[in-house]
Amino acid sequence: MLDATPRDKVYERTALVSNPCKTCQPVGALYAALGVHKTMPHSHGSQGCAAFHRMFLTRHFKEPAMASTSAFTEGASVFGGGANLKTAVRNVFDVYDADMIAVHTTCLSETIGDDLHAFISDMDIPDGKRVIYANTPSYVGSHITGFSSMAAAFIDHLAEKSGKPSGKLVVVPGYVNPGDVRELKDYLGEFGIKYTMLPDVSDVMDSPMTGTFELFPKGGTPIEEVVATGDAAYLLALGSWASAACANALKRKHDVDNRVLDTPIGVAATDEWVMALSKFASSPVPAAIEVQRGQLIDCMLDVHQYLDGKRVAIAGDPDIVIGLTAFALECGLVPAYVITGTPGGGFEERITALLEQYNLVDKCWVKSEADYFELHQRIIQQPVDLLLGPSLFKQIAKAEDIPLVRAGFPIIDRYVHPYQPIVGYRGALRLLEAMSNAILDRQDRDCNDEDLEFVM
Amino acid sequence: MPGVLELEKPLTPQPADTAIEKVLDSYEAKVFKNRKKHMVSVDHTLDTPQEIAANVRTIPGMLTHRGCCYAGCKGVVLGPIKDALTIVHGPIGCSFYTWGTRRHKGRSDAGELNLVPYCFSTDMRETDIVFGGEKKLFKAIEEGLELFGDPKPSAVFICSTCPVGLIGDDINAVAARAEEAFGVKTVAFSCEGYKGVSQSAGHHIANNQLIRRVIGEVDEPPKTKFSLNILGEYNIGGDSWETERLLKRCGIEVVSVMTGDGSITEIERAHMADLNIVQCHRSINYIAEMMHDQYATPWLKVNFVGIQATIKSLRQIAEYYGDAELTQRVEEVIADELADIQEDLDYLKERLSGKTAALYVGGSRSHHYQQLLRDFGVGTVIAGYEFAHRDDYEGREVIPDIKIDADSKNIESLELGPVEGKYRLRFPEAKLDELKSNIDSFEYYEGMIKEMPNATLMIDDLNHFETEEFIRLLKPDVFFSGIKDRYVLQKSGVASRQLHSYDYQGPYAGFKGAINFGNDLLMCLYTPIWEMITPPWRSEPVLTGTIGGE
């Protein structure tokens with residue numbers, strides 16, 4: 001596996017990216033749009049864009065990922081995609097009866113300078129229907145930026161202030177799985193907080209088997225709730241890369257205050273989330289949540305001797321990688337390599353600050369805009385005990401015979417994972433189990449017969 | 001069995017033409033008019049052959065399954081070539097989506113380069129879009145060749161994505177400069193996603209450059225008497241390996257495969273083989289035709305999906321060479337392979353016979369797999385293609401009648417004459433004429449319709465709405481398609497299998513592959529999970545009345 005990768009040294013590259021740790025904005029915008037009820041994500045680009053994005057999301061979630069396309073041809077690329085968009089909007093409302101179309105742009109429509117605002121203003125949109133858009137050129141940012149832009153676009157285009165405060169908390173969960181969103185909702189429920197989750201992919205990308213396909217499953221943030229966010233009391237954004245833009249948009253537009261927290265992965269980040277909820281609700285932390293925390297700490301103590309000092313390589317999207325790195329450190333693991341593909345946002349500084357708390361800065365190579373090719377070359381030079389990240393790690397895991405614990409996006413070679421959280425104390429418990437099992441399984445596999453421990 | 005819950009469904013499937021009418025009825029006038037031409041209720045009793053609209057623009061907003069030109073060029077045709085350094089020039093996404101996800105398996109011996117597990121991109125950023133990306137592309141080629149110095153890539157391929165064509169980066173000029181600077185053949189493929197109307201344009205662009213720059217470069221003759229190239233076989237799930245195993249058993253040498261588990265070093269000498277066999281007609285018939293014009297290589301349309309189809313293909317290949325010993329060996333191999341699977345085949349036939357299938361795949365499989373399904377007694381109710389042309393539906397005889405529209409006109413069509421010293425008639429003209437009249441697949445593809453029974457449906461560029469409607473009206477037991485509607489169908493209670501990726505199983509080619517396929521189909525139809533969908537409390541009362549607090 002990966003036999004062609006040179007093993008003698010790490011080659012410097014500035015122009016060629018190989019085995020990337022990111023993909024393009026539109027897929028993230030499409031995913032975010034699936035989290036608003038009866039909304040059809042629409043890709044304003046070539047057919048291939050929508051085809052690839054739907055394919056990729058389906059491979060991760062093992063669920064349909066519906067989206068329409070402007071189906072650009074060469075003619076549209078020359079004369080602009082206005083006519084294509086107009087036809088598409090008419091057909092999506094007519095044939096598929098969406099309540100809203102959430103258009104995102106692509107490198108194609110951005111390069112030719114299509115003016116979505118002008119196109120949409122000129123359209124006859126049926127009463128009660130809406131068309132919104134986000135600019136998501138593929139040559140800027142990554143899929144995380146695209147998610148963030150679409151989440152902000154919902155606020156920019158829809159949020160209204162009626163003047164009657166709703167007292168609600170808006171929670172922007174970030175680029176996470178439906179299982180994570182459910183977990184976050186459990187916390188909100190424990191505190192009895194009235195909230196709007198935006199976007200909300202639960203009951204969409206984890207919908208049950210009933211024998212009937214629903215083009216628009218029952219989940220997704222109701223559009224009227226998105227509109228009402230202007231009346232909200234406060235907003236909590238989880239993960240600054242994926243969610244801060246949405247928070248800023250609501251502050252700018254309707255002066256709703258916010259706080260941007262880390263994605264609550266691991267003990268400290270979940271503590272922050274819990275305390276933020278406690279503060280918002282002006283109520284003490286419910287006993288049930290404290291029990292969950294205690295159970296997590298109990299298990300971390302139980303298993304710490306197997307994790308302490310083990311070297312781990314962590315890759316994926318910034319918000320998730322920050323969370324995974326923090327939790328790895330809490331468990332006594334030594335992050336040896338930490339990368340993301342997404343550019344910008346001070347990723348390296350954030351990771352370095354985490355490492356500083358444990359005096360591990362010089363033990364770790366941290367890089368944003370990195371790719372798996374370089375990470376592999378570095379692992380060849382100085383191996384690790386564990387890989388933590390998406391399926392894209394799989395080849396390195398096989399090539400170097402290192403156990404892989406899957407977390408983040410995309411996980412395209414395993415099932416069930418989108419239903420399970422990695423956020424919150426229970427999510428951390430799940431990660432702890434997966435990481436310790438991987439290391440213990442490896443010990444069992446590699447040890448001599450006389451060293452096989454019946455009890456561990 | 002799936003579908004048991006759908007009590008609101010009509011109890012019997014609707015007749016084909018009624019189904020078409022019902023589906024079209026939901027459309028407004030413009031869409032109605034357009035989509036009507038893409039739907040045919042097969043009727044062989046008519047005086048004139050039926051015509052279908054294909055390879056024309058998709059209506060925006062209809063939830064098509066089609067992909068783009070880049071997907072056809074890089075994703076399909078070039079992706080499997082192991083020893084090429086294929087760099088995608090564009091923003092990161094397009095390269096990312098064709099990384100490791102199409103199951104075109106490739107393996108190399110020690111010391112040979114295999115770049116299939118990698119993806120390479122120039123990851124164009126905003127500044128590259130504004131100021132041009134040529135310098136970055138050149139640098140990327142340099143860096144790639146530095147990484148892979150021993151063994152070196154046999155060629156560098158550059159594939160452009162949408163913005164590249166729009167900002168005017170001249171990838172051909174960069175390719176020429178790089179070839180001169182680094183001494184490695186460098187080929188540019190201008191396969192921007194907006195070209196053409198589907199993946200199909202990309203196949204053509206890839207074919208053109210392979211014939212221009214790769215095929216015919218090395219005159220190393222085959223080692224044995226009976227040699228051929230396999231065209232349009234991408235080794236999904238190992239299909240090519242199974243096909244090659246059969247051919248080798250028969251004593252036939254495979255010079256090159258285009259492009260499954262393929263390599264430049266093999267494809268460069270493809271013109272030395274005595275025959276081209278074409279598996280996927282849509283994606284590679286251009287090379288078959290152009291090699292015929294340049295090197296006088298005859299081609300046969302074959303199909304190694306399906307037991308009877310495989311037998312027919314092997315026999316036609318033997319008939320082409322016209323060698324008694326070869327013919328006998330082919331018969332022995334057929335008999336032996338059949339004997340090997342007979343017990344499994346009988347069992348599968350018994351369990352599967354009488355089921356009905358719907359197929360909606362790319363540009364060949366919807367036809368090929370009908371042949372395989374027929375081996376098990378499974379009939380087809382509906383079949384369609386994502387990106388086929390009329391000849392794939394109706395047969396190559398319609399090619400002269402196909403109207404060239406603006407979208408197709410933009411895809412270069414090469415007119416090539418004989419290459420001096422390399423144009424070599426494999427048989428005298430008279431013998432070739434005789435082969436043409438005796439072998440029905442000799443330089444001819446009959447299309448899908450001729451094998452489809454009356455009152456079955458043939459639909460081009462099937463969209464999501466139509467998929468939902470047709471399964472409701474026609475009630476197929478199983479629907480074969482791709483990843484995008486895989487779970488739509490399953491959630492509707494219809495068994496579904498992917499025919500692009502084989503749901504990560506396979507191979508499905510040849511005799512043994514047919515059994516793999518049959519077992520997978522059986523499994524998906526009869527998994528006990530279908531019976532668990534309705535919770536018991538939905539069909540049995542749980543709450544019973546009590547009297548007076550008892």
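Trainee: What should I know before I start?
Mentor: This is a predicted model, so local features need pLDDT of at least 70, side-chain atom pairs count only at pLDDT 80 or more, and totals for chains, interfaces and linings use all residues. Residues are numbered from 1 along each chain as its sequence is written, chains are lettered from A and ligands numbered from 1 in the order written, and side-chain values use heavy atoms, with hydrogens and water left out.

Trainee: Which residues of chain B lose the most area to chain A?
Mentor: Tyr97(B), Leu147(B) and Lys491(B). Together they make up 13% of what that side buries.

Trainee: How many salt bridges cross that interface?
Mentor: The rule finds four between chain B and chain A. A salt bridge is a side-chain nitrogen of Lys or Arg within 4 Å of a carboxyl oxygen of Asp or Glu. Arg125(B) pairs with Glu369(A), with the closest N and O atoms 2.9 Å apart.

Trainee: New topic. What domains does chain B have?
Mentor: The assignment gives domain 1 (69-213) and domain 2 (227-352 + 395-438). Domain bounds come from an automatic or database domain assignment. The centres of the two domains, taken over C-alpha atoms, are 27 Å apart.

Trainee: How many residues of each domain are in contact?
Mentor: 30 residues of domain 1 of chain B touch 30 residues of domain 2 of chain B. The area buried between these domains is about 2600 Å², and carbon and sulfur atoms give 62% of it. Lys105(B), His204(B) and Ile211(B) supply 24% of the area that domain 1 buries against domain 2, more than any other three residues.

Trainee: How many salt bridges cross between the domains?
Mentor: Three, by the rule. Arg212(B) forms a salt bridge with Glu412(B), and their closest N and O atoms are 2.7 Å apart.

Trainee: Which helix brings the largest share of the domain 1 side?
Mentor: H9(B), with ten residues.

Trainee: How many salt bridges are there over all chains?
Mentor: The structure holds 71. In chain A, Asp99(A) and Lys129(A) meet in a salt bridge, 3.7 Å from N to O. The two residues are 30 apart in the chain. Asp99(A) is partly exposed, at 28% relative accessibility.

Trainee: Which residue does Asp261(B) bridge to?
Mentor: Lys82(B), with the closest N and O atoms 2.9 Å apart. That pair links distant parts of the chain, 179 residues apart. Asp261(B) is buried, at 12% relative accessibility. Lys82(B) is buried too, at 7%.

Trainee: Now the backbone. What kind of peptide bond joins Leu198(A) and Pro199(A)?
Mentor: A cis one, with omega about -15°. Most residues other than glycine have a negative phi, and most peptide bonds are trans. In chain B, the bond from Met258(B) to Thr259(B) is cis as well, with omega near 0°. Thr259(B) sits in strand S7 of chain B.

Trainee: Which residues have a positive phi?
Mentor: Lys62(A) is one of them, with phi near 55°. Lys62(A) is buried, at 11% relative accessible area. Asn55(B) also has phi near 55°. Asn55(B) counts as buried, at 15%.

How values were computed: Contact = heavy atoms within 4.5 Å. Buried area = accessible area lost by both parts, 1.4 Å probe. Helix = DSSP H or I, 4+ residues; strand = E, 2+ residues; numbered from the N terminus. Buried < 20%, exposed > 50% of the residue type's maximum accessible area, 1.4 Å probe, protein only.
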